[in-house]
Amino acid sequence: MRLVTLATCSLNQWALDFVGNERRIRESIRLARESGASYRLGPELEIPGYGCEDHFLEMDTFEHSWAVLASLLADDTTHGILCDIGMPVMHRGVRYNCRVFCLDGQILLIRPKLHLADDGNYREPRWFTAWPAERLELEDCALPEAVRDVNGQSHAPIGCGVLVSEDGVSLATETCEELFTPRSPHIALSLDGVDIIANGSGSHHELRKLHRRVDLIRSATSKGGGVYVYSNQQGCDGGRLYYDGCALVACNGAVVAQGSQFGVSEVEVVTAVVDVDAVRSFRMAIASRSVQARTQPRAPRVPARALRMVASKASRVAPTPPLNERPEGAACPPRRIASPTAAPAAAGATAAAGAAAAAAAAPAAAALP
């Protein structure tokens, strides 16, 4: 077995609350590191807040977002853990909704959103442009002075790349709406052999929408195998919408960890241990998948040379079992840590206090089917 510990989170971010948003991001990374995770996933546009609306048309929003990211890169926050952070990025004069992968104070990859939400309550094309899905090559994105001053990095690759750890684990991402589109990026990524697919989302609550999300995530990994890690905004962010959290991890069609749907904690971290070898065995057993995979165009790889994701044999971790296969009352690895950081003074709340808060929380309103 090649075991990997992953962390995802639900954060109660607020539009333009750069100080508070940074504090909650730092807290989620701290809790993820304490749980032994090598990867931490956050919600969509978590640095400025998803609901900034026309403030995304202002340069100040981009500059303050980069200042927050530079602050995270300036200390040891991203050391030893791959951090997948959501923020807006301007590249060659075009605004993109992006995921930024950071490790050891460096930016490894910027991944723009391919398919924007433009129905119901969503108007993303008003503020952002979709990155061309057919563009497989990476480009160089010039980084602002705020980043150059803290780590000396002037450029980072931007595009639809795949990160590969030193021990051979591959990881890529899609963003929110891309899960719901008929030709979702995770289809090509799965056929391309990517082990772990992540989704940082800003999905608001609707009746039975959680059931739909869970069904789509399980389907994404049941036909072609793989690990799917999902993060979501939680609570209100200053607009009319309520985001219902429920971060989760699925593996080969089964949900193995799931957070609360209507939690009141500002920071909730969900962790799971997955077996990469089980993913590859699952895929090899599907002959028709192999036929399709052999002609799948290869996405560019970005090496994460300093990152080791597979747990050592001495770590004594075990794969997290599927939620619907656990005997009632059976002990299992912790999968949810909530940190009730209601005020800045509470930002140092211990992981133990967070775990106690999670244990006392009511179960998700929408149970798994």
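Two strands pair if DSSP finds at least two bridges between them. Helices (H or I, at least four residues) and strands (E, at least two) are DSSP runs, numbered from the N terminus. Keep both in mind for the first stop.

This is a predicted model, where local features need pLDDT of at least 70, side-chain atom pairs count only at pLDDT 80 or more, and totals for chains, interfaces and linings use all residues. Residues are numbered from 1 along each chain as its sequence is written, and side-chain values use heavy atoms, with hydrogens and water left out.

**Stop 1: β6 and β7**

Select residues 139–142, strand β6, then β7. The two run antiparallel and are joined by 4 bridges. D140 stands opposite P157 in β7.

Now show the side chains of β7, residues 155–158. In a regular strand the side chains alternate between the two faces of the sheet. Buried means under 20% relative accessible area, exposed over 50%, and partly exposed in between (1.4 Å probe, protein chains only).

**Stop 2: the whole chain**

Zoom out. The protein has 9 helices and 17 strands. Of its 369 residues, 55% are buried. The accessible surface comes to about 14900 Å², and carbon and sulfur atoms hold 54% of that. These areas come from the Shrake-Rupley method with a 1.4 Å probe; for residues, only the protein chains shown count as cover.

Contact means heavy atoms within 4.5 Å. Among contacts between residues at least 6 apart in sequence, 71% join residues at least 24 apart.

Colour by pLDDT next, the predictor's confidence in each residue, from 0 to 100. The average is 91, and 88% of the residues score at least 70. Over residues 341–369 the pLDDT is below 50; this stretch still has 51 contacts in the model beyond near neighbours in sequence. Where pLDDT is low, the predicted coordinates should not be read in detail.

**Stop 3: helix α1**

Select residues 18–34. Does the end-to-end distance of α1 agree or disagree with 1.5 Å a residue? The 17 residues should span 24 Å, and the end C-alpha atoms are 24 Å apart, which agrees. The expected span is 1.5 Å times one less than the number of residues.

α1 is mostly covered, with 12 of its 17 residues buried. Among them are F18, I25, I29 and L31, but also R23, R24 and E27. After the helix comes G36, with a positive phi near 90 degrees.

**Stop 4: the nonpolar cores**

A nonpolar core is a set of buried Ala, Val, Leu, Ile, Met, Phe, Trp, Tyr and Cys residues joined through side-chain atoms within 4.5 Å. The largest one has 37 residues; I47, W66, L69, V89, V100, I107 and I110 touch the most other members. Elements giving two or more residues to this core include β1 (3–11), α1, β7 and β15 (267–275). α2 gives the largest share, 6 residues.

Centre on W66. Leaving out residues up to four places away in sequence, W66 touches M87, V89, I107, I110, L143, P144, A146 and V147. A second, separate core has 30 residues, including L82, I196, V270 and V276.

**Stop 5: around β9**

Select β9, residues 170–174. Which faces of β9 are covered? Both: S170, A172 and E174 are buried on one side, L171 and T173 on the other.

β8 (residues 162–165) pairs with β9 in the antiparallel sense over 2 bridges. L163 stands opposite L171. The two strands form a hairpin with 4 residues between them, and G168 in the turn has a positive phi of about 85 degrees.

**Stop 6**

C176 sits in the loop between β9 and α4 (177–180). Its phi is positive, near 45 degrees, and C176 is not a glycine. C176 is buried, at 6% relative accessible area.

D104 is in the loop between β4 and β5. Again a non-glycine residue has positive phi, about 55 degrees. D104 counts as partly exposed because its relative accessibility is 33%.

Finish at E325, in the loop between β16 (301–304) and β17 (336–339). E325 is exposed, with a relative accessible area of 58%. Select A254 as well: the two C-alpha atoms are separated by 9.5 Å, though the residues are 71 apart along the chain.
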